[in-house]
Amino acid sequence: MKKYIRSRLIQTLVVLIGVTLLTFIMVNVAPGDAATVMTEKITDQAAIDRINAQLGLDKPYFVQYFLFLRNLVFFDFGTSYFKYKPVMQLIIEGFRVTGTLAVTIILFALVVGLAMGIMAALNRGKFWDQLIMGLSTLGMALPSFLLAILLQYIFGLKMQLLPLSGLTSWQGYVLPSVTMGMICAAEVARLTRTSMLDVLGQDYMRTATAKGISRQRIILVHGLKNALIPILTFLGNSFKAILGGAVLVETVFGLNGIGRLLVDAIMQRDTPIIQGVTVYIAMIFVLVNLGIDLFYGLIDPRIRLAKDND
Amino acid sequence: MEAQNALSQEQVITSTNFYHHVWEKLRENKVAIVSLLLILLLIVVALFAPQIAPYDEGFQDTAHVLSKPTNIHWLGTDEFGRDIFSRIIYGTRVSLSVGIIAELIAMTIGVLMGALAGYFGGWVDSLISRIIEIFGSFPKILFAIVIMNIIGTGVINVFIAIGMVGWTGMARMIRSQILQLKENEYVEAAHSFGAGNTHIIFKHLIPNTLSTIIVNMTMAIPQDIMYEASLSFLGLGVQPPTSSWGQIISVGRVYISTLPGYVLFPSIALVLTVLAFNLLGDALRDALDPRLRRMD
Amino acid sequence: MKNKMQKQWLKLLTFFAAVTVFLVGCGGKGGSNGGDGEPKVLKYGRSATQMTTLDGQLSTTADVIQPARLVAEPLYTYDKDMNLTPLLAEDLPKTEDNTTYTVKLKEGVKFHDGSELKADDVVFTFTRLYTPETMSTNTFIADMIKGAHALLEGEADALVGVRALDDYTVEFELEDAYAPFPYVLGSEMTMIYPKEATEKAGADWGVTTFVGTGPYKFDEFVAADHFKAVKNEDYHGGEVHLDEMWIYNMDENTLAMEYEAGNINSALISNKMAGNYADSADLHKIEAMGIFEVVFNTAMEPLNDKNVRKAFAMAVDKEALVNSFLQGNATPATSAIPPKVLGHTDRPLTPADPEGAKKLLADNGYPDGVKISTWVIEGNELADAAVVLQEQLSKAGIDMEVNLVDRATYLDKRNAGEIQTVFRNWYKDYPDPDNFLYTFFHSNATPNRTPDWGKPETDELLSEGRRLPMEKREAHYEKIDKILVEDEVATVPLYYPVFHYLMNENIEGIVYVDGLLDFTHANVVSK
């Protein structure tokens, strides 16, 4: 176990350095830099050079990268070139929005998806099943931005039930969460249904029926147990993706989350933000993956062994 | 997951019979056949777009700007006076080619990386696995946005960006499958006959992962189409006058109350296409190997 | 059993319905007219993605200047007819030789922190603008002041050209005569900051602290999201009516929806959006002092050939661009200097002639037409103009490739001089032809702005124009305009734009100064 933890830590470190290096290379390969954007209207080359030097962009690339790594050790990502605030503070502000969004989306998907999946499985082949599966198939074919536009138009503008954009009140979270939540719920419903129906073919089903335990109950208990791992895998992946920035939904609903923070920074070549957010995202991925693995282990110790050997 | 790795040996042996069997199973599935027909129709539309569309995708009818659907512009016109119906027809080309070409790029990288890691093991495996993790450490859409910003917009660049984002899943699956396949006796046998590594990988191992590759690709194509639409929606897609559904939807939002069709029709085209690929993918997976589950 | 399940399902549905009703029960923001003792609130939305600071010295865009101007003020301002009027000064600047200007400050003007506006603050403001550590991006605005370049380049540590003669008198000395200098003092980029408070705030200036003499006081600022300012009870320029003034950054779709939903009561909307409100009484159209134009990189083939540039100009159908795509919401441009600016020439609009253009190209060695390219910032109105022109030019055998890119890429390409045809728009910093022509066509200015036009003859004329006394400048600039537009075809003016505002009918007292609104005496009344 110790060995496992140690190798895992080393892997994480390697990935983290790889991520920052990849980001650094990409940022510097991209045409233009922050000084270019900042000096849009300045005509005087001396002034441009000076701003370059002040931002540290005149240093050789490897020196810039080394300085970044040195500061990273102290969790210091520097100050944004355009937002005039420490990057750490910007990430925390963005995380407040994105984190809330991620939690509400996952909860929505879990509750609605499970309910729909159970409902469909118990009514296999009947009207409810067909309706739910139809909706779920449609849900998986809907790009999030399309659903976002639709919900915003109907509930925000036409019915004026909920805020259209922004987060002046907590209700601002409702439409974005429901948008992404519905899309995730579609997948959860499908996974739940499949897992539950799988139970029908199993040996213990016959044994249990022979014992006189109700069929519905077995499907429910064993099916849910079966469904746990695929749902967990799916929601875990969704969770990290959303925490990493639900950029489309954030764009449509005008939320200042991590996704928009990063995309705006990319447009302006705001390197400290880009580097900071990428490290943040990589850390989230590592942590959530670790969480998922630990959870697997809790549910079924065999999986952990299998994954260790993998 | 374990379930994904397990491919039964009998599938490997008689491939002709096997694919015949798959086709038989597919034929029984009405949904799959309808989806397949829809996809074939889309391919025809894409190939013959200039013949089908009443106007060129860039043609600007300055006398009819933002017109409602009429008999000269069936679905109305956009703010430049371009025929929306024609632009949707031409948009099929972008969506389908992104689905296919981007996925081919992703597949090539994924299969190669996966096969190398799985076959050689050791430090090669560690290295490739870390690379996969590094690339997998970004949400895909964000990663694609970053790449598009670096290499610039344009349809070729969309292929590259989406291809570069999508290969990790394929690589993981191929890797674990090759890990199992290389333990087989015929690999040993090939070695003892003096076959080189390249020969074994390309002639023996990769062909045996074909069903995984096919299932993976059909699953990924609709995703890629959605990524393209999303990139175009954010203004990072094709260059004018090329039309793409995501781009039409993005601009059409402005006119959602006055010209709802501007947003509605390309959305329908997009959703139907993704739906058709999704359903066909499901059916193919069931036919090829019912134990392969979508868990990615 | 099944029935039971369905009942549970129903329960679940009921639960969700209840939650929805609860969620919906609360909500509603929007402006208020102050009836029943409620505060008077004006909420103004616009696209302001670069509103990441309020320090107007750090940004040239209206995204920053519009909110900043609520709090801080320059020495002078403009009325709706673009006449320069004193704001913090007693009267217009006095000068004998157009080189030295004296400004008398109003006495008793208070900053929001209670300190009084003194000549030292003016000196401080201009010194700060040219101090390298400020990293100002607006240094071009007043660099005719003596010593500005020396300070900026680290050769001096004070700005010799700005001097406090006493507490209320400031003297500006320029490197050379510059007749339009008073306009510079009316530019929002030269808003006066209090010395003490600015120095104390350091890096927080414009982010968490911002103090000025203006009608509203800083209250709350969320970068790229919103700025909230509150009434300055002690305003030197008369009574302020609004209790709260909000400026939101929203994209164009959100803007219109939020306006329709009544959550904001005024908005600056795009041309595209304006078409949806053509019949609305809320829509106000304001002609802007600005220009959309195409300029050529004459260092690159084939645009070094004047005939190709001429063919380009002939092929462009400005009338169709304005009447069709812009739906009449602009004026076709024929001069590089906008109307109401000195030196503007009102040429007749020549109809597009793609056939003639084709022939001109064929006669001059391009029988198969030409292939050119352009790079435009994605999502900008210029990008749309490029799309329209792409189609128009194709009829004349000019194949223009349009590359939509992000701002950084665009600027990188532009600075490297790699863009053949630059689509450009410019709104006045101050209403003088120098701001339109020197800025773009003088070789001192061009390298980082446009393809390097910078011909010695025009350089000479442009420099001379700066030194000439006011009365001689009109004819002079008409001459330069003729060279650039007619003789050399260095530029193809496309149109003079219009700004579109949605204003709730109960809003009064806004002065429309171009793309910027003066909210000083704005009011929300009951009707």
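Author: Contact here means heavy atoms within 4.5 Å. The model is predicted. By that rule, 52 residues of chain A are in contact with 54 residues of chain C. The size of an interface is often given as the accessible area lost when the parts come together. Between chain A and chain C, about 4700 Å² is buried. Carbon and sulfur atoms give 61% of that area.

Next, the polar side. One salt bridge is found across the interface of chain A and chain C. Arg269(A) and Asp406(C) meet in a salt bridge through their side chains, at 2.8 Å from N to O. Eight residue pairs are in polar contact between chain A and chain C, both residues at pLDDT 80 or more. On the side of chain A that touches chain C, the elements giving two or more residues include helix H2 (34-38), helix H5 (87-122) and helix H7 (144-158). H3(A) gives the most, with eight residues. By class, this side of chain A has 28 nonpolar, 16 polar and eight charged residues.

The whole structure has 11 cavities of 30 Å³ or more. Of its 17 lining residues, the closest to the centre include Val37(A), Phe82(A) and Gln50(C). Its lining has six nonpolar, eight polar and three charged residues.

The second largest cavity has a volume of about 140 Å³. Among the residues closest to its centre are Thr23(A), Ile266(A) and Val146(B). Helices H1, H12 and H13 of chain A and helix H8 of chain B each supply at least two lining residues. This lining has nine nonpolar, three polar and one charged residues.

Notes
Residues are numbered from 1 along each chain as its sequence is written. Chains are lettered from A and ligands numbered from 1 in the order in which they are written. This is a predicted model: local features need pLDDT of at least 70, side-chain atom pairs count only at pLDDT 80 or more; totals for chains, interfaces and linings use all residues. Side-chain values use heavy atoms; hydrogens and water are left out. On a 1 Å grid over the protein atoms alone, a cavity is a set of points where a 1.4 Å probe fits but cannot get out, and a pocket is an open set with protein on both sides within 12 Å along at least five of seven lines; lining residues have an atom within 4 Å of a point. Grid points are joined across faces, edges and corners, and a volume is the space filled by probe spheres set on the points. Ala, Val, Leu, Ile, Met, Phe, Trp, Tyr, Cys and Pro count as nonpolar, Asp, Glu, Lys and Arg as charged, and the others, Gly among them, as polar. Helices (H or I, at least four residues) and strands (E, at least two) are DSSP runs, numbered from the N terminus. Buried area is the accessible area (1.4 Å probe) that two parts lose on being put together, summed over both. A salt bridge is a side-chain nitrogen of Lys or Arg within 4 Å of a carboxyl oxygen of Asp or Glu. A polar contact is a pair of N or O atoms within 3.5 Å; within protein, one must be able to donate a hydrogen and the other to accept it, and residues adjacent in sequence count only if both atoms are side-chain atoms.
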